[in-house]
Amino acid sequence: RPKAAFLTRWLPIQLLMPVIGFIMINQPALNLIWQLWASSTNFNLILGKQVFHYATIDSTNDEARRLIAAGQAKEGAVIVADTQTAGRGKPGSSWVSLPAVGLYLSAVVKPYKNQADLTALTSVVAKAVVVFIKELTDQYATIKLPNDVLINGKKVCGILCEHLASGYVVIGIGLNVNHEQASFPPELADKATSLKLASSQAYQLSSVQQQLLTILDRHYLAYL
């Protein structure tokens, strides 16, 4: 990890310049350096180190928990499913996961600070989704607290962050991508939308996944 336990608050960096020698860079400055470098290279520093893909799963968040418990998933792991049979939203609600039209994923992180502050992390993820939607579709999205992202007042994305006793946090994201209006069940018909409905354009799910993870990676780095 670029800023994990082995990095102290003040990090000496040896510059290969004979006159300057080395300088001391504090953590916020180091974060900025990593972000600028990552944004210029489209390279993910954390998210996407491992990708577990399933055609069908009960819940990507639940599978992330199982993989972590089995020692198979570390920070940066991403669990993706074409469809979920028991997708979850905020407590007490489910997430309708139609096959092959939405993005259903969970990312595993292990923040070195405020591990239990899920409100702050959820806000970071929501802001990343808003930025992603603007870059991809040129549509302006808004955040509805605590964990929804809307386009034109209709829900397009839900976020569920769960903290584990091991210190890991599972970031669950459900994003409506290529849904048609008729795809939604009657109780959601006037409450939900998709990127396709908002922009009149279909999207390749693999490209959506990669672009979202890249933007989320930058925002997560800034949060650390």
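Buried denotes a relative accessible area under 20%, exposed over 50%, and partly exposed the range in between, computed with a 1.4 Å probe on protein chains only. The model toured here is predicted: local features need pLDDT of at least 70, side-chain atom pairs count only at pLDDT 80 or more, and totals for chains, interfaces and linings use all residues. Residues are numbered from 1 along each chain as its sequence is written, and side-chain values use heavy atoms, with hydrogens and water left out.

Select Leu-188 to begin. Leu-188 has a relative accessible area of 28% and is therefore partly exposed.

Next, display the largest pocket, whose lining comprises 21 residues; Trp-95, Lys-155, Leu-188, Lys-191 and Ala-192 lie nearest its centre. A pocket is an open set of points on a 1 Å grid over the protein atoms alone where a 1.4 Å probe fits, with protein on both sides within 12 Å along at least five of seven lines; lining residues have an atom within 4 Å of a point. Colour the lining by class: seven residues are nonpolar, six polar and eight charged. Here Ala, Val, Leu, Ile, Met, Phe, Trp, Tyr, Cys and Pro count as nonpolar, Asp, Glu, Lys and Arg as charged, and the others, Gly among them, as polar.

Finally, select Thr-122. With 9% relative accessibility, Thr-122 counts as buried. Show its contacts (heavy atoms within 4.5 Å): not counting residues up to four places away in sequence, Thr-122 touches Pro-146, Asn-147, Ile-159 and Cys-161.
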